[in-house]
Amino acid sequence: MMKMSDVAKLANVSPATVSRVLSNPELVSKETRQKVLDVINEVNYKPHIVARQFRTKETKIILVVVPDITSAFFSKVLRGIEHVAVNNGYQVILGDTENDIEREKEYINLLLQKQADGMVLLTARLNKTKLEEISEHFPMVLACEYMDGLNVPTVSIDNISSARKATEHLIKLGHTKIAHITGPINVILSRDRMRGYQQAMMSHDLDIDSAYIQEGDFSFESGYNQTLKLLALENPPTAVFAFNDEMAMGAIKAAKDSGLKAPEDLAVVGFDNVKMSSVIEPNLTTINQPKYEIGKKAMELLLKLINGESINKKKFVMKDELIIRESCGSILDMKEQTKI
């Protein structure tokens, strides 16, 4: 393998000059710089990445940790991160925890071992103290998920407000028996979206039946199974607000397999606005998260931390939007059902 000293010998310069051409070319005269580059191109010399890291203490690598790579939600978030990273000379490596806190710890250890220049966490199962301790020594940004009072730059939407908005849409359509399929309750997003659902119900003086709250696990299958449980109740709900689109799509399938129709017999609202939500029939009413923008903003903040810039504002709340489609019907549909 061609070494830097070999390039220096062929170009009749010192190894230090070759190093400067590669890392700080502006410090080398145009004539010498061109002579070195000609040799590099001629022999196809590739700088040793590990050696460069040792000298500069930079890896030019960003670690992104996701809770579940199979989730359709994260693809656009990752795209936003990747575009900003690549445009700034960084590569992105991905760590999938599969919602396992021990796997999350293992990936964070890569940062502690300085195998990456910074980290974007799209999941946060570790405790607040541990995350803050790590962030004091290494560049870290939390996106999508968040923790109250966490002193780490965070990019997300207001999940309580968004869930309240989704539930109130069902209430405006005339529904009073509204169920909620949550995500795992140990996840803060699940608790916040359930809180938004409860706030909407209470603000309209509607009873919250504990049987109407079922815990899912983010998957299509759990949405399907929990909806079957809801429909088997003696007094089943007429509407379901699901934690995410995948479980909402499972709810629509469960209604269909039970001989019911959405939205005529069961109105359904999801969350995230993944691509399939506009493809399935009926098209899914859902909350749109600005996924690409969340990833883009998170990476921009991480670059500031890596470059030693201070970030005065730590919490960035992005704008969400209720996307109304067919899975809930309309006020006119509800009036027609009332007449019947």
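Which residue lies over the face of Tyr146? Lys315 does, at 5.5 Å from the ring centre; a charge counts as sitting over a ring if NZ of Lys or CZ of Arg is within 6 Å of the ring centre and within 35 degrees of the ring normal. This is a predicted model, in which local features need pLDDT of at least 70 and side-chain atom pairs count only at pLDDT 80 or more, while totals for chains, interfaces and linings use all residues. Residues are numbered from 1 along each chain as its sequence is written, and side-chain values use heavy atoms, with hydrogens and water left out.

**Aromatic rings**

- Rings of Phe, Tyr and Trp (its six-membered ring) pair if their centres lie within 6.5 Å; planes under 30 degrees apart count as stacked, over 60 as edge-to-face and the rest as tilted. By this rule there are three aromatic pairs.
- Phe73 and Phe74 form an edge-to-face pair, because their ring centres are 5.1 Å apart and their planes stand at 75°.
- Phe73 is buried at 8% relative accessibility, and Phe74 is buried at 9%; buried means under 20% relative accessible area, exposed over 50%, and partly exposed in between (1.4 Å probe, protein chains only).
- Phe218 and Phe243 make a tilted pair, with 5.2 Å from centre to centre and 45° between the planes.
- Phe218 lies in the loop between β7 (213-215) and α10 (220-231), and Phe243 in the loop between β8 (239-242) and α11 (245-257), so this pair ties together parts that are 25 residues apart in sequence. Helices (H or I, at least four residues) and strands (E, at least two) are DSSP runs, numbered from the N terminus.
- Both Phe218 and Phe243 are buried. Arg193 lies over the face of Phe243, at 4.1 Å from the ring centre.

**Helix packing**

- Helix α5 (residues 74-87) packs against helix α12 (residues 291-306) at an angle of about 40°, with the axes 6 Å apart. Axes are lines fitted to C-alpha atoms, for helices over the stretch in contact, and angles run from 0 to 180 degrees between N-to-C directions.
- Helices α5 and α12 are therefore oblique to each other; angles under 35 degrees count as roughly parallel, over 145 as roughly antiparallel, 65 to 115 as roughly perpendicular and the rest as oblique.
- The contact (heavy atoms within 4.5 Å) involves several residues, including Val77, Ile81 and Val84 of α5 and Tyr292, Met299 and Leu303 of α12.
- Helix α8 (residues 159-172) and helix α9 (residues 188-203) have axes that come within 7 Å and cross at roughly 40°, which makes α8 oblique to α9.
- Among the residues in this second contact are Ile160, Ala163 and Ile171 of α8 and Leu189, Arg193 and Tyr197 of α9.

**Backbone features**

- Most residues other than glycine have a negative phi, and most peptide bonds are trans.
- A cis peptide bond joins Ala262 and Pro263, with omega about 10°; Pro263 lies in the loop between α11 and β9 (267-269).
- The bond from Glu281 to Pro282 is also cis, with omega near -5°, and Pro282 is in the loop between β9 and β10 (286-288).
- Asp205, in the loop between α9 and β7, has a positive phi of about 55° although it is not a glycine. Asp205 is exposed, at 72% relative accessibility.
- Asn273, in the loop between β9 and β10, has a positive phi near 60°. Asn273 is buried, with a relative accessible area of 17%.
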